[in-house]
Amino acid sequence: MERRDDGGFATGIVDFGGIRREVCLAYVADEVGVGDYVVVHVGFAISKVDEAEAKRTFEVLREMSQLDELQWIGEVVEPRAPGGTA
Amino acid sequence: MRFLSEYRDPAIARTLIDRIRRTATRPWTLMEVCGGQTHTIVRQGLDELLEGAVEMIHGPGCPVCVTPLEQIDKALVLAARPDVIFTSFGDMLRVPGSDCDLQQVRARGGQVRVVYSPLDALELARRNPSKEVVFFAVGFETTAPANAMAVWRARELGVPNFSVLVSHVTVPPAITAIMEAPDNRVQGFLAAGHVCSVMGWTEYEPIAARYRVPIVVTGFEPMDILEGMLMAVEQLEGGRHQVENQYVRAVRREGTVPARQRVEEVFELADRKWRGIGEIPMSGLRLRPAFAAWDAERKFDVGDIVVSEPAACRAGDVLTGRLKPPDCAAFGTRCTPDHPLGALMVSAEGACAAYYHIARHRSAERQAVPA
């Protein structure tokens with residue numbers, strides 16, 4: 001797990017059904033870690049998602065092939081958070 | 001994977017539709033607030049499946065669609081400046097301004113770039129210190145935390161050549177305006193799930209009580225929307241008017257508090273025009289004075305641009321449920337996604353574009369069937 005202290009600005013890698021991208025985790029830094037699901041909007045995790053519910057949603061969304069949407073639920077695979085919050 | 005098979009099973013959708021039909025003793029009129037929900041409803045034909053039981057009015061929850069003409073015109077002025085790199089989410093590029101759109105400005109040599117996140121625009125500013133980078137900060141409460149953070153980071157990192165053209169709107173004043181309209185037909189709302197992921201739902205409780213209207217926080221999948229509809233219809237049939245949460249997996253009552261706090265630090269409430277609807281008091285966000293140095297309207301002195309809407313587009317009637325898109329005289333003829341008269345025909349989340357694409361898809365399906 002890679003961590004980065006960038007002035008209190010937590011980021012991490014989120015897996016969107018195979019597509020991975022860096023996402024700002026600052027708003028959910030105190031509550032998410034590897035394996036958690038988050039709602040991502042324009043590069044920001046805006047909410048932590050209940051895991052059992054998220055898996056269900058994730059499978060449905062993958063099936064519907066909407067990977068170009070800006071708004072997505074993905075899994076945190078590599079948090080880079082200041083102070084070891086993740 | 002207990003939920004997976006259930007979710008893929010069309011029988012669940014049929015069950016929900018049957019339950020809505022059995023529950024409704026009369027036709028009810030609901031509004032889905034969010035453009036993402038509109039897209040799902042029209043694409044999946046949920047409105048047609050529930051004809052006679054539930055009528056869906058497609059609300060003003062598409063940020064591209066409600067961005068007022070004058071903010072587009074300001075964007076066009078800024079994007080045409082040789083010293084400016086203008087950055088925006090992709091779907092704003094084809095929204096018609098008074099004379100042209102951002103894509104045409106780019107074709108004439110303007111530096112217009114599509115970004116995925118406002119942080120990408122900030123990074124562009126850091127890499128191009130000799131240019132002014134302006135980001136078009138549009139959206140609802142879902143996007144406000146991202147845009148607030150970009151401005152916050154610009155101050156924190158000391159990036160003087162970054163600024164934002166703000167056109168932010170908020171949902172609760174729009175719901176209030178719809179309920180206050182003398183010819184309002186909306187009897188219940190599906191509130192936008194991701195707006196509530198950030199904001200929670202406490203703001204909606206006084207609205208539900210005051211107007212005696214059920215408000216159900218609802219997600220974006222077909223099952224979510226059908227379940228949200230069922231919850232609203234059950235409330236209406238039972239004479240209840242509460243805020244309920246269908247989108248349990250992603251929404252808590254208090255929302256995501258750190259995100260709300262950052263929005264509050266950077267933005268303050270302001271009157272805002274909505275395209276096709278007009279001004280709604282205290283329905284928008286603007287930068288607080290402490291962040292004035294990153295306000296593109298001040299920096300480039302375009303705050304005085306005021307324009308009125310063209311009469312040809314009846315977006316206001318669509319957004320308030322007085323007109324269905326196919327009933328508009330311009331629909332599919334003078335107004336198409338390639339040549340839109342108004343913003344509702346541009347964005348995938350716009351009601352007019354959703355109807356246009358689904359109608360074309362269905363007529364193609366019919367043609368494909370051998371005689």
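Reply: pLDDT is the confidence of the predictor in each residue, on a scale from 0 to 100. This is a predicted model, in which local features need pLDDT of at least 70 and side-chain atom pairs count only at pLDDT 80 or more, while totals for chains, interfaces and linings use all residues. Residues are numbered from 1 along each chain as its sequence is written, and chains are lettered from A and ligands numbered from 1 in the order in which they are written.

Me: What is the mean pLDDT of chain B?
Reply: In chain B, 94% of the residues reach 70 or more. Over residues 1–8, however, pLDDT stays under 50; the model has eight contacts beyond four places in sequence for them, a contact being two C-beta atoms, placed from the backbone, within 7 Å. The mean pLDDT of chain B is 90.

Me: How many residues of strand β3 of chain B are buried?
Reply: Strands (E, at least two residues) and helices (H or I, at least four) are DSSP runs numbered from the N terminus. A residue is buried if 20 or more other C-beta atoms lie within 10 Å of its own, exposed if 12 or fewer, and partly exposed in between, with C-beta atoms placed from the backbone. Both faces of β3(B) are covered, by burial of Val84(B), Phe86(B) and Ser88(B) on one side and of Ile85(B) and Thr87(B) on the other. The strand, residues 84–88, is therefore largely enclosed by the rest of the structure, and the number buried is five of five.

Me: What is the handedness of the crossover from β3(B) to β4(B)?
Reply: Two strands pair if DSSP finds at least two bridges between them. β3(B) runs parallel to β4(B), residues 111–114, with four bridges between them, and Phe86(B) has Val112(B) as its bridge partner. The chain passes from β3(B) through helix α7(B), residues 102–107, to β4(B). A clockwise path from the first strand over the helix to the second, with the strands pointing away from the viewer, counts as right-handed, and this β-α-β crossover is right-handed.

Me: Which residue of β5(B) is the bridge partner of Thr87(B)?
Reply: β5(B), residues 132–139, is joined to β3(B) by four bridges, and the two run parallel. The partner of Thr87(B) is Phe135(B).

Me: Which strands stand at the edges of the five-stranded open sheet of chain B?
Reply: The order is β2-β1-β7-β8-β9, with parallel pairing. Each edge strand has a single partner, so one side of each is left without a neighbour in the sheet; these strands are β2 (54–61) and β9 (243–245) of chain B.

Me: Which residue of β2(B) stands opposite Glu32(B)?
Reply: Six bridges join β1(B), residues 28–34, to β2(B), and the strands run parallel. Opposite Glu32(B) stands His58(B).

Me: Is Arg212(B) buried or exposed?
Reply: Arg212(B) is found in the loop between α12 (204–211) and β8 (215–218) of chain B, and has a positive phi of about 50 degrees although it is not a glycine. Because it has 11 C-beta neighbours inside 10 Å, Arg212(B) counts as exposed.
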